[in-house]
Amino acid sequence: MTSSNTATDEAWPEAKAAAAAKAGVRLRIDGELATVVLDRPDKRNAMTPSTWWHLAEVGRALPGSVRAVLLRAEGPSFSAGLDRTVLIGGVGGAKTLLDLADAGQSDAELTIEAFQEAFTWWRNPDLITVAAVQGHAVGAGFQLALACDLRIAAEDARFAMREITLGLVPDLGGTKPLVDLVGPARALEICSTGRWVDAAEAERLGLVNRVCRTDQLAMDAEVFVRELLAADRDALIETKALVQGAVDRDYDAQRAAERSAQVRRIRALAGR
């Protein structure tokens, strides 16, 4: 892989890129835009711990020059969620999630915390992240889309939090953004029933920012991200921080945060 589509040779060397590609994760950097691609179309981009490890590595590899990240997927589905081999075992006696039952509470939680890292860096304050979703976004796939700041969905997109059908709970950071977007009652319904939410309903509920024709998803997502990149970088960082923090602030505290942010921007624009 050449320097034109990697972070740097040191941060994302060819060997690491090859290992990531084997796990179904690709990274391309074009100036201020990084594109992360889920690339296991034959498995409907089902995820394994290896997928999550490499997604976390992508977050660590991004250079400071990147302002926006577009997450997309190859094939007809965004992600079918957890690869079944993680539950029932794969080739060569690979460990499964059920092996966590034999670990101590602290060790088991640390393992899940390591999985969660793949889903956390998308909310970094200096990035704006967008997921382009087509077909199925199930369980871990749904949670990965929720990890991004914004979502654009194809008309055929369908979302479901299916963990409960396996006797599990969503544990990859998805419940917080889901509640923030649709409220606790609707989030509880979606998680506890495991039902499908189609693109039209997702847009009505605020789960996605816009819906487009399936054959236009790639182009519309690229245009959407480029529109975001047209904004002043520091103003966008301040705006994202204001919006994210508004959930936990009361009205007066939010007004105070707006004042502080605006004074910083005015001083920066004045060169002070």
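Mentor: Let us begin with a definition: a charge sits over a ring if NZ of Lys or CZ of Arg is within 6 Å of the ring centre and within 35 degrees of the ring normal. The model before us is predicted. In it, R158 lies over the face of W196, at 4.2 Å from the ring centre.

Trainee: Which strands form the open sheet, and in what order?

Mentor: The sheet is open and has 3 strands, ordered β5-β7-β8, with mixed pairing. Its edge strands are β5 (136-138) and β8 (197-198), each of which pairs on one side only. Between β7 (residues 158-160) and β8 the pairing is antiparallel, over 2 bridges; F159 has V197 as its bridge partner in β8. Helix α5 (residues 140-147) lies across β5 and β7, and runs at about 95 degrees to β5.

Trainee: How many aromatic pairs does the structure hold?

Mentor: A pair of aromatic rings is described by the distance of the centres and the angle of the planes. The structure holds 4 aromatic pairs. One of them, W52 with F115, is tilted, at 4.9 Å centre to centre and 55 degrees between the planes. W52 belongs to helix α2 (residues 49-61) and F115 to helix α4 (residues 105-116), so this pair ties together parts that are 63 residues apart in sequence. Both W52 and F115 are buried. W121 and W122 form a stacked pair, with 4.0 Å between the centres and 20 degrees between the planes; W121 and W122 are also buried. Finally, W52, F115 and F119 form one aromatic cluster.

Trainee: Where do D149 and K240 lie in the chain?

Mentor: Side chains of opposite charge can pair when their charged atoms come close. The structure holds 19 salt bridges, among them one between D149 and K240 at 2.8 Å, N to O. D149 lies in the loop between α5 and β6 (150-154), whereas K240 lies in helix α10 (residues 233-246), 91 residues apart. D149 counts as buried because its relative accessibility is 18%, and K240 likewise counts as buried at 8%.

Trainee: In which helix do K176 and D180 lie?

Mentor: Both lie in helix α6 (residues 175-182), 4 residues apart, about one turn of the helix. K176 is partly exposed at 43% relative accessibility, and D180 is partly exposed at 35%.

How values were computed
Residues are numbered from 1 along each chain as its sequence is written. This is a predicted model: local features need pLDDT of at least 70, side-chain atom pairs count only at pLDDT 80 or more; totals for chains, interfaces and linings use all residues. Side-chain values use heavy atoms; hydrogens and water are left out. Two strands pair if DSSP finds at least two bridges between them. Contact means heavy atoms within 4.5 Å. Axes are lines fitted to C-alpha atoms, for helices over the stretch in contact, and angles run from 0 to 180 degrees between N-to-C directions. Rings of Phe, Tyr and Trp (its six-membered ring) pair if their centres lie within 6.5 Å; planes under 30 degrees apart count as stacked, over 60 as edge-to-face and the rest as tilted. Buried means under 20% relative accessible area, exposed over 50%, partly exposed in between (1.4 Å probe, protein chains only). A salt bridge is a side-chain nitrogen of Lys or Arg within 4 Å of a carboxyl oxygen of Asp or Glu.
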